[in-house]
Amino acid sequence: MNFGMRGIPRMLLTAALCLPLLAGCAASLEEGLPSRGEPEVNSQWNTSLEISPETSAEPPSEEPAEEPSSPEEESSLPAPILPTPQPTPLPGDIPGEMPQGPVDLPTDPQPAYFTFHLVITDSRGDPIPEAYVTAGLISGMADEEGLFTFHTMEAAFPLHVVAEGYVPFYEELSPQDGETLTVVLEQGSALRELINEAPLRPYTFHNDELNKTVDALFAELFLPGMDTYDKVKACYDWLVKNTVYKRPGHTGSGHWDCALQVFQDNKGTCDCYSSAFAAMMRRIGLESYVVEGITSANSGGMTGHVWTVMVLDGKTYVFDPQVEDAIANRTSSKEIEYVRFGLPEPNGKYKYNGRSRARQMEKFDLFLEENGYFE
């Protein structure tokens, strides 16, 4: 009896100690068993399962997916490691894959070519028919109404307009596509009158060969009925059309040696072109000088140069056959445009530097006295 009474407390103590263990086992056993209620039918497969790179994809189980537990019923097991989401590749990131849909290609805001219209008129607004026009690399003649239409790849270009009896027009232009420009030319009779009214003092060279050469050339160029202006223009034309720019310059000791080289060999530099023109002008009797200085260069800035100056009614005018030749050679027709024919000084457009012109003219006068005489 006493044995039994003593054993009861021990049994109670043992039971109390085992109850938590039994409860934990029961809970674990219950999780592995199906629920006691009616099973919920689910015909959709569970597609929320992520397949990590370390595991292979398996076909979905035919058993219905378990209902997700509430946050209070989350398992204490560690969460599975999911793969890091990658950005969606662009079409250009996949070799050989072309983007779908229309593609916006870059476009040039400028047209493939520019169209311009020129209207050539005189100072009264009357059209000048058949005016010769050069715009960039395109040349042609205006029609009877003075209209000249052309197409070019250049947005900006040098414009040359020449019409018989009118002062040449030269300008750098940047018009808008399709724009109509009106160029007004003034009559060039002023230069003709100045040359025809100039007093003539023919010059004779100390070099007989040069005298004969120039006289023979005059006999070829001068036609009956020509006035002095026509003769000057004929000499200018001959130099531009028959002389080739070639270095080195003359090997002689003065201007007349350089001029003779042009007449005989048809080549030379700017000083030879200018000396030859001055020789012909002096032989006609017009007061002309060879001067040197600086002028504008094609590539920009200034460059050393030699040209001819003619004095008419107390004013100086530039005649530059060498640069005129270079301008004509840049056109497809090779026509003379008279851009540098009788330019009045001072002339800021072409920047002929005349600061030392007086000294240069005095130097040339001394050369004339030593190398010839006036009739």
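Predicted model: local features only at pLDDT ≥ 70, side-chain atom pairs only at ≥ 80, totals over all residues.
C235 is a buried residue, because its relative accessibility is 0%; buried here means under 20% relative accessible area, exposed means over 50%, and partly exposed lies in between, all with a 1.4 Å probe and protein chains only. Residues are numbered from 1 along each chain as its sequence is written, and side-chain values use heavy atoms, with hydrogens and water left out.

The pLDDT, which is the predictor's confidence in each residue on a scale from 0 to 100, averages 77 over the protein chain, and 67% of the residues score at least 70. Over residues 41-57 the pLDDT stays under 50, and for this stretch the model has 14 contacts beyond four places in sequence, a contact meaning heavy atoms within 4.5 Å. Residues 68-76 also have a pLDDT below 50, and this stretch has 1 contact in the model beyond near neighbours in sequence.

From there the reader can turn to the cysteines. The structure holds 1 disulfide, a term for a pair of cysteine sulfur atoms within 2.5 Å. C258 and C272 form this bond, with their sulfur atoms 2.1 Å apart, and the pair links distant parts of the chain, since C258 belongs to helix α5 (residues 255-265) and C272 to helix α6, 14 residues apart. Helices are DSSP runs of H or I with at least four residues, strands are runs of E with at least two, and both are numbered from the N terminus. The torsion about the S-S bond of C258 and C272 is about -110°, so the disulfide is left-handed, and both of these cysteines are buried. C270 is buried as well, with a relative accessible area of 13%, but its sulfur is 8.2 Å from the closest cysteine sulfur, that of C272, which is too far for a bond.

C270 also takes part in a packing of helices. Two packed helices are described by the angle between their axes and the distance between the axes. Helix α6 (residues 270-284) and helix α7 (residues 321-329) pack at an angle of about 115°, with their axes 8 Å apart; the axes are lines fitted to C-alpha atoms, for helices over the stretch in contact, and the angles run from 0 to 180 degrees between N-to-C directions. C270, Y273 and F277 of α6 make the contact with P321, Q322 and D325 of α7.

Charged side chains supply a further set of links. A search of the whole structure finds 6 salt bridges, each being a side-chain nitrogen of Lys or Arg within 4 Å of a carboxyl oxygen of Asp or Glu. R192 forms one of them with D227, the closest N and O atoms being 3.1 Å apart; D227 lies in the loop between α3 (208-221) and α4 (228-242), whereas R192 lies in helix α2 (residues 189-197), 35 residues apart. R192 also forms a salt bridge with D230, where the closest N and O atoms are 3.2 Å apart. D230 lies in helix α4 and R192 in helix α2, so this pair ties together parts that are 38 residues apart in sequence. R192 is partly exposed, with a relative accessible area of 25%, and D230 is partly exposed at 24%.
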